[in-house]
Amino acid sequence: MKVVIMAGGKGTRISSIASNIPKPMIQIQGKPVLEYTIQSLKEQGFNDFIITISYYAEYIVNYFGDGSKYGINIEYFYELEALGNAGALFKLKDKLTDDFLLLNADLIFDVYFERFIAFHKNHKSVVTLFTHPNNHPYDSGILVVDEEKAVVHWLTKEESRPDYYKNRVNAGLHILSPEIFDIIDIDSELVGTIDYDGKIVKVDLDRQLLKPLAGTKKIFCYDSPEYVKDMGTPERYKMVCEELLTGKIRKNLKYLQKAIFLDRDGTINKYVGFLNNIDEFEILPGVSEAIQMINNSGYLAIVVTNQPVIARGELTYEELDKIHNKMETLLGSEGAYLDAIYFCPHHPHKGFKGEVVNLKINCECRKPKPGMLLEAARDFNISLTQSWIIGDGENDINAGKTVGCKTALIGNKTFGQEITALSLLDAVKQILKC
């Protein structure tokens, strides 16, 4: 698969760190950001690169040359005039005759691309976006998908959005099929020319190529907790430097991960019995700080929650989704995020008015059974014996013990847990000292 790296931007937001070199040549631990990208991709079998360049282009060309010193081939496309962050693609489309990987040059990542590509092929997608939660969804574009992960709505950061939404953000890694050039009505001959208003015709990747595909079943989201961050501002550059130094970046799903599994009711939000009213959902004190600590620790933060209100007919899947969107929005507003949410909709006891009969079963996912933990382990290559579960009840502890997780209980009872804590924050602090 050919790789197209967009490296022509001026990096205005990070000019205080490096004003006389292109942004991808800013160094982290003595090596340009772009070199990390190329080496990471080379290690996973990519060897055919096109780099679009403009601002101080000679720095990039002189450093990387034709790519032979890395065992790869590099071609360059010079943008004599800025064409927008996707205009070059239309000038290159004769070279892009197969699916290709498209990424920004200011990213540091640790991603298992084989899984990403497999998802793209399995969904027969024209565009696949690598998406993840981040700690600032309120000022990021948000993607809304259907049950197949097809993008239904693309909400740019400038647009209004619902009060509550899932924390799903485009990370800047894309797989595109050349079919996109036939779908999107842009004349490649006009790109770079002067229009009637005397302006250069440019193409914006998000707004002109990708967002118009929302709702067409041609663009999909590959959700992953793997590490992808841009270093486009001084603050993010500093953060990436620190995380690379401490080794936090190792989130590649090719390698075993560890997680802290979290019960929901009574652990994350105030316990109100069978919660079926979104207005009653209230984050407990200290929870955002606790989850932020998990985010910064290298553990995945994954919710596993029994939701028998679905089987009882007291809440629909759609209403539960809205409650979880509220949870993600409230956490995101305080810089915390969840890597995944798993729920069991079943309940074993039949014979109640309004129940959903086909969900009244003795399933394998309802805690204390470990089905949700096992599903998450398969999805994210998690070592359960290196992981923890935190909850406020015996079912949480028993589910964890069944699969070898270490366990923490919020409360003063004893079910054989390793840690007893006053709150989620207390439990996380104790775990991270271990």
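Predicted model: local features only at pLDDT ≥ 70, side-chain atom pairs only at ≥ 80, totals over all residues.
A pair of aromatic rings is described by the distance of the centres and the angle of the planes. In this model the count comes to 13 aromatic pairs. One of them joins Y55 and Y56, whose ring centres lie 4.7 Å apart with the planes at 70 degrees, so the pair is edge-to-face. The angle decides the matter because planes over 60 degrees apart count as edge-to-face. With a relative accessible area of 21%, Y55 is partly exposed. Y56 is likewise partly exposed, at 31% relative accessibility.

F46, F109, F113, F116, F119, F130 and Y222 form one aromatic cluster. The members of this cluster come from separate parts of the numbering, as the residue numbers F46, F109 and Y222 show.

The charged end of K31 sits over the ring of Y36, at 4.3 Å from the ring centre. A further case is found at Y299, where the charged end of K258 sits over the ring, 4.4 Å from its centre.

Attention now turns to a helix. Helix α12 comprises residues 424-433, and within it L424, L425, A427, V428 and I431 are buried. Where do these buried residues lie when the helix α12 is seen down its axis? They fall within an arc of 160 degrees, so they line one face of the helix. An α-helix has 3.6 residues a turn, so residues three or four places apart point the same way. The buried residues of α12 pack against several elements. Among these partners are the strands β14 (259-262), β17 (388-391), β18 (406-410) and β19 (419-421). Helix α8 (287-295) is also one of the elements against which they pack.

The last topic is that of oppositely charged side chains. The whole structure holds 20 salt bridges. In one of them R207 is joined to D204, with the closest N and O atoms 3.7 Å apart. Both residues are partly exposed: R207 has a relative accessible area of 40%, and D204 has a relative accessibility of 24%.

Another salt bridge brings together the side chains of D230 and R236, at 3.1 Å from N to O. Here D230 is partly exposed, with a relative accessible area of 21%, and R236 counts as partly exposed at 24% relative accessibility.

E314 and R312 also form a salt bridge, their closest N and O atoms being 2.8 Å apart. E314 is partly exposed, with a relative accessible area of 29%, and R312 is partly exposed at 27% relative accessibility. Finally, salt bridges may join into a network, and here D146, E148 and K217 are linked in this way.

Methods:
Residues numbered from 1 in each chain as written. Heavy atoms only, no water. Phe/Tyr/Trp six-rings, centres within 6.5 Å; stacked < 30°, edge-to-face > 60°. Buried < 20%, exposed > 50% of the residue type's maximum accessible area, 1.4 Å probe, protein only. Lys NZ or Arg CZ within 6 Å of the ring centre and 35° of its normal. Helix = DSSP H or I, 4+ residues; strand = E, 2+ residues; numbered from the N terminus. Arc of directions from axis to C-beta. Contact = heavy atoms within 4.5 Å. Salt bridge = Lys/Arg side-chain N within 4 Å of Asp/Glu carboxyl O.
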